[in-house]
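The following exercises are to be worked with the sequence and the 3D structure at hand. Each task is followed by a solution in steps.

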Amino acid sequence: QVQLVESGGGLVQPGGSLRLSCAASGFTLSQTTMRWYRQPPGKARELVAQINSVGGPTMYADSVKGRFTISRDNAKNTVYLQMNNLKPEDTAVYYCNAPGPGTWGQGTQVTVSS
């Protein structure tokens, strides 16, 4: 069964950091492109970051460049999103996505507030 499970969300103050994890099962994560999306309250889902399967360049939305880093641990079959210098506008539900298998995680809430 192909499955993605996110974790690591929570409440953080502006300027703080969080690391999201996305554990994959049922497929080999290293062999496919992986993406992080987010959906702010009342807004559409948007692509935040992407990591390719063959070591190609990562991609980031302009709004998170220089603050977020996507990475992958092939041994753990897990992809991460390190988020630094968080801002209130980063508040959203964050979703992990594997476009190849066509699979989404359940989402994890990130709230940035003082």
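The structure holds one disulfide, a disulfide being a pair of cysteine sulfur atoms within 2.5 Å. The model is predicted: local features need pLDDT of at least 70 and side-chain atom pairs count only at pLDDT 80 or more, while totals for chains, interfaces and linings use all residues. Residues are numbered from 1 along each chain as its sequence is written, and side-chain values use heavy atoms, with hydrogens and water left out.

**Exercise 1.** Determine which residues the disulfide joins, and describe the link.

Step 1. The bond runs from Cys22 to Cys96, with an S to S distance of 2.1 Å.

Step 2. The angle about the S-S bond is -80°, and the link of Cys22 and Cys96 is left-handed.

Step 3. Cys22 belongs to strand S3 (residues 18-25) and Cys96 to strand S9, so the pair ties together parts that are 74 residues apart in sequence. Strands here are DSSP runs of E with at least two residues, numbered from the N terminus.

Step 4. Cys22 is buried at 0% relative accessibility, and Cys96 is likewise buried at 0%. Buried means under 20% relative accessible area (1.4 Å probe, protein chains only).

**Exercise 2.** Identify the residues of the largest nonpolar core that touch the most other members.

Step 1. A nonpolar core is a set of buried Ala, Val, Leu, Ile, Met, Phe, Trp, Tyr and Cys residues joined through side-chain atoms within 4.5 Å.

Step 2. The largest such core has 28 residues, of which Met34, Trp36, Val79, Leu81, Met83 and Tyr94 touch the most other members.

Step 3. At least two residues of this core come from each of S3, S4 (34-39), S5 (46-51), S7 (68-73), S8 (78-83), S9 and S11 (108-112).

Step 4. Among the contacts of Met83, leaving aside neighbours within four places in sequence, are Gly16, Leu18, Phe68 and Tyr94.

**Exercise 3.** Is Thr103 buried or exposed?

Step 1. Thr103 has a relative accessible area of 10% and is therefore buried.

Step 2. Thr103 lies in strand S10 (residues 103-104). Not counting residues up to four places away in sequence, Thr103 touches Val2, Gln3, Leu4, Cys96, Asn97 and Ala98.

Note on methods
Helix = DSSP H or I, 4+ residues; strand = E, 2+ residues; numbered from the N terminus. Buried < 20%, exposed > 50% of the residue type's maximum accessible area, 1.4 Å probe, protein only. Contact = heavy atoms within 4.5 Å.
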